Amino acid sequence: MAFRVLIVDDSAAMRCFVRRVIELSGFEADVFLEAGDGKEALALLNANWVDVVLTDINMPNMNGEELLSSMAADETLRTIPVIVVSTDGTDLRRSRMLELGARGYVRKPFTPEELRAKLEALLGVPHIA
Amino acid sequence: MAYHISPDQTAEVLAVATEEVLETMFFSTVLAEPEESASSLPEDSVTAQVRFRGNPCGEFTVGLALPAAQSAAENFLGLEFGAITHEQVCGVVREMANMICGSVLTRIESDTLFELLAPEILEDGQAARTGTTRVFDVDGNGLLQVTLRVD
């Protein structure tokens, strides 16, 4: 079974990197959608089903916190798991994002293995070493 | 609580954060260069700056010699040698500045929420000249200079 992934980051370079890392890691994903901010992400989510959202925090127009809050307020979107991918590795930020509804938190820099492990743990995929 | 970290501690944090980000995300090895190498980036270097708010506020700058920037961008985006555009190089250097800055602040602002503003490319191509600076060689492709200035 392959998964559908939405990558939300205002950096096109980082969206490209995250997609490449997921592909390199061997994680089973066959559809990648990309958004440059939370608003674009919500528009995509209202038109497309995805299995997981990977989002940055600092973005223009609608940041990662606002995206999480908007998704939590929507009966359908709140069921989609969100992993925050951020340069901010402080416990304070991690706790805040988890309180807002994030189901996982990955600090940049990260390895392909770390990201894959987080995705598989969240989506219930058995890990084969 | 006031910000307090010595210049030597700041320099050490800059080194650890830069090495971590370059090795993990850019598949590159960095070697520390002597302090005298500071501000010796060539004119065609690519420089990005990130301002941050928190405790403390300030700005972080990363400058790379063009060959080092191109090589790092190719590694980051998984592109073949020579296939990268200058716009892509600038985008990757902005992201590099964002990640190293976040890694530095995670280490020195662990008990506060900080905010990074959008990274910008500096048009004059030169790194900041004030603040704590470290210089590295990147895979033999040229110098990388990082500077942290706190307000």
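In the predicted model, Phe26(B) is buried, with a relative accessible area of 0%. Phe76(B) is likewise buried, and its relative accessible area is also 0%. Both values fall under the 20% limit that defines a buried residue.

Over all chains, a search of the whole structure finds four aromatic pairs. One of them is formed by Phe3(A) and Phe27(A), whose rings are stacked, with 5.5 Å from centre to centre and 15 degrees between the planes. Phe3(A) belongs to strand β1 of chain A, whereas Phe27(A) is in the loop between α1 and β2 of chain A, so this pair ties together parts that are 24 residues apart in sequence. Both Phe3(A) and Phe27(A) are buried.

A stacked pair is also formed by Phe26(B) and Phe76(B), with a centre-to-centre distance of 4.8 Å and an angle of 20 degrees between the planes. Phe26(B) lies in the loop between α1 (7-25) and β1 (30-32) of chain B, and Phe76(B) lies in helix α2 (residues 66-77) of chain B; the pair therefore ties together parts that are 50 residues apart in sequence. Phe26(B) and Phe76(B) also belong to one aromatic cluster together with Phe17(A) and Phe110(A).

In chain A, the strand that holds Phe3(A) is part of a right-handed β-α-β unit, made by β1(A), helix α1 (residues 12-25) and β2(A). The strands β1(A) and β2 (residues 29-35) of chain A run parallel and are joined by six bridges. Within this pairing, Val8(A) has Ala35(A) of β2(A) as its bridge partner.

Val8(A) is also one of the residues that line the largest cavity. Rolling a probe the size of a water molecule over the atoms shows where empty space is left. The count comes to one cavity of 30 Å³ or more, and the volume of the largest cavity is about 30 Å³. Its lining consists of Ile7(A), Val8(A), Asp9(A), Val18(A), Leu54(A), Thr55(A), Asp56(A) and Val85(A). Two strands of chain A, β1 (3-8) and β3 (52-55), each supply at least two residues of this lining. By class, the lining has five nonpolar residues, one polar residue and two charged residues.

Methods:
Residues numbered from 1 in each chain as written. Chains lettered and ligands numbered in written order. Predicted model: local features only at pLDDT ≥ 70, side-chain atom pairs only at ≥ 80, totals over all residues. Heavy atoms only, no water. 1 Å grid on protein atoms, 1.4 Å probe; cavity = no way out; pocket = protein on both sides within 12 Å on 5 of 7 lines; lining within 4 Å. Points joined across faces, edges and corners; volume = space filled by probe spheres on them. Helix = DSSP H or I, 4+ residues; strand = E, 2+ residues; numbered from the N terminus. Nonpolar A, V, L, I, M, F, W, Y, C, P; charged D, E, K, R; others polar. Pairing = 2+ DSSP bridges. Right-handed = clockwise from strand over helix to strand, strands pointing away. Phe/Tyr/Trp six-rings, centres within 6.5 Å; stacked < 30°, edge-to-face > 60°. Buried < 20%, exposed > 50% of the residue type's maximum accessible area, 1.4 Å probe, protein only.
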